[in-house]
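Please read the following questions and answers beside the sequence and the structure, looking up each place as it comes.

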Amino acid sequence: MENAGIAAAVDRWFTDNQERVIGWRRHIHSHPELSNEEVATTDFLVETLESYGLHPVRFPGTGLYVDLGPAEGKRLAFRADIDALRVAEQTGLSFASSNPGVSHSCGHDIHTTVALALACALSTVELENPVRIIFQPAEEVMGGGALDVIRWGALEGVGAIYAVHAEPHIKVGEIGVRAGAITSASDVIRIEVHGPGGHTSRPQLTADVVYAMGALITQLPGLLSRRVDPRTGTVLVFGHAEAGDAANAIPKRGLLEGTLRTADITTWRQNEDLLTDLIDLIVAPTGCTYHLDYIRGVPPVLNDDAATALAVEAARAVDPQSVVAAPQSSGGEDFSWYLEHVPGAMMRLGAWGGEGEYQDLHQGNLNVDERAIGVGVRLFGSIVEEYFRPGEE
């Protein structure tokens, strides 16, 4: 099929198969699986793709990719994440999670269904150019399953990659776009503070671990804000602090845990050294010692300018009024690892039905408007057409 007809073909296919696609989503939604445990989800995807005559390739663990079109040429790739969260569902839907304490409360069932429908729609046309669709496991774990997918060779021959993420703060039918950083790097820090311990009546004879922790809690975020450009969106927030178990005893150990986020890739690469210097300065006067575990997460998702512009054109080709500006998020997303290797873009897929209060991701009551699926499928179909338009590849 000529590239100019791909978007229309995908549109027709979805219109004819909408009920089936919604059924796929509800099946996936009701059978959520945690990161690297997506065995049944992978089996379901393989069976569905094979029923359309496709030949999916399983990854060594869970997840898979499927190729469409000719074997030669630069591939256009799409990525969907297939894992769920350890969050109890509270939607009351008839197809709610059947796995107690686990749910698709981040919308990955929507992403997976969009990509699955795109693959099945494209299987019905004769493509002139190659397309690869990646169903990635373990997006929700620290570091992200994207690193494994890349190591397994899923980006070989890929020239660009796209993805969507359900966004319950954007109305269904709208596509949120943003060039540059659309998410933040997200690292975890653990600071163990140590001292000899002692009695609270004689703090001068010991090193006060709790006092040192208080200094870190109050001073470290502020000092960081004076050493990093505020335009980078760098923020340190502590979420866990513990020390001691008696009111009159100075403990020997305390623990602080928090997250350090930034939208700037250069800052992300320098943060560990900077943080170590600042902790040294704060802790030294207290007489305590410390140990820092700096657990590096994912870099920010940096949408390529040209790839974002192409996505805008593709979205407007489907609906001229669909494009809205997406705010930069402080959340992390391992789609960023793909963009370290090839250009691409992630878009925000509007998921709010237009009535009632906004919901939020990672919450058990998240109820995505299913009309978002058709929007995502048509957007991806339009991206295929735009990307392979003469002069665009």
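Q: Leaving aside its neighbours within four places in sequence, with which residues is threonine 289 in contact?
A: Threonine 289 of this predicted model lies in strand E13, which covers residues 289-298. Once neighbours within four places in sequence are left aside, its contacts are Glu192, Val193, His194 and Val283.

Q: What distance separates the C-alpha atoms of threonine 289 and glycine 195?
A: Along the chain, threonine 289 and glycine 195 are 94 residues apart.

Q: Is threonine 289 buried or partly exposed?
A: The relative accessibility of threonine 289 is 47%. Buried would require a value under 20%, and exposed one over 50%. Because 47% falls in between, threonine 289 counts as partly exposed.

Q: Which residue has a side chain joined to that of glutamate 333 by a polar contact?
A: Glutamate 333 is placed in the loop between strand E15 (323-325) and helix H8 (335-339), and at 3% relative accessibility it counts as buried. Its side chain reaches the backbone nitrogen of phenylalanine 335 at 2.8 Å. Residues touched by glutamate 333, not counting those up to four places away in sequence, include Asp81, Glu139 and His165. The side-chain to side-chain polar contact, at 3.2 Å, is with arginine 79.

Q: What is the phi of alanine 138, and where is this residue found?
A: Most residues other than glycine have a negative phi. Alanine 138, which is buried with a relative accessible area of 1%, has a positive value instead. The residue is found in the loop between strand E4 (131-136) and helix H4 (146-151), and its phi is near 60°.

Q: What is the relative accessible area of histidine 362?
A: Histidine 362 is placed in the loop between strand E16 (344-352) and helix H9 (371-387). Although it is not a glycine, histidine 362 has a positive phi of about 65°. This residue is partly exposed, and its relative accessible area is 36%.

Q: How are helices H2 and H3 oriented to each other?
A: Two packed helices are described by the angle between their axes and the distance between the axes. For helix H2 (residues 39-51) and helix H3 (residues 108-122), the angle is about 20° and the axes are 10 Å apart. That angle makes H2 and H3 roughly parallel.

Q: How many nonpolar residues are in the contact of H2 with H3?
A: On the side of H2, the contact is made by Phe44, Leu45, Thr48 and Leu49, and these meet Thr112, Leu116, Ala119 and Cys120 in H3. By class, the residues of this contact include two polar and no charged ones, while the nonpolar residues number six.

Q: Why are H3 and H9 described as oblique to each other?
A: H3 passes H9 in a right-handed crossing, with the axes 9 Å apart. An angle under 35 degrees would count as roughly parallel, and one of 65 to 115 as roughly perpendicular. H3 and H9 are therefore oblique to each other, because the angle at which they pack is about 50°.

Q: How many polar residues does the contact of H3 with H9 have?
A: Among the residues of H3 that take part are Ile110, Thr113 and Val114, and the residues they and their partners meet in H9 include Gly376, Phe380 and Gly381. The contact has nine nonpolar and no charged residues, and the number of polar residues is three.

How values were computed. Residues are numbered from 1 along each chain as its sequence is written. This is a predicted model: local features need pLDDT of at least 70, side-chain atom pairs count only at pLDDT 80 or more; totals for chains, interfaces and linings use all residues. Side-chain values use heavy atoms; hydrogens and water are left out. Axes are lines fitted to C-alpha atoms, for helices over the stretch in contact, and angles run from 0 to 180 degrees between N-to-C directions. Helices (H or I, at least four residues) and strands (E, at least two) are DSSP runs, numbered from the N terminus. Angles under 35 degrees count as roughly parallel, over 145 as roughly antiparallel, 65 to 115 as roughly perpendicular and the rest as oblique. Contact means heavy atoms within 4.5 Å. Ala, Val, Leu, Ile, Met, Phe, Trp, Tyr, Cys and Pro count as nonpolar, Asp, Glu, Lys and Arg as charged, and the others, Gly among them, as polar. Buried means under 20% relative accessible area, exposed over 50%, partly exposed in between (1.4 Å probe, protein chains only). A polar contact is a pair of N or O atoms within 3.5 Å; within protein, one must be able to donate a hydrogen and the other to accept it, and residues adjacent in sequence count only if both atoms are side-chain atoms. A crossing is left-handed if the near helix is turned anticlockwise from the far one by less than a right angle, and right-handed if clockwise.
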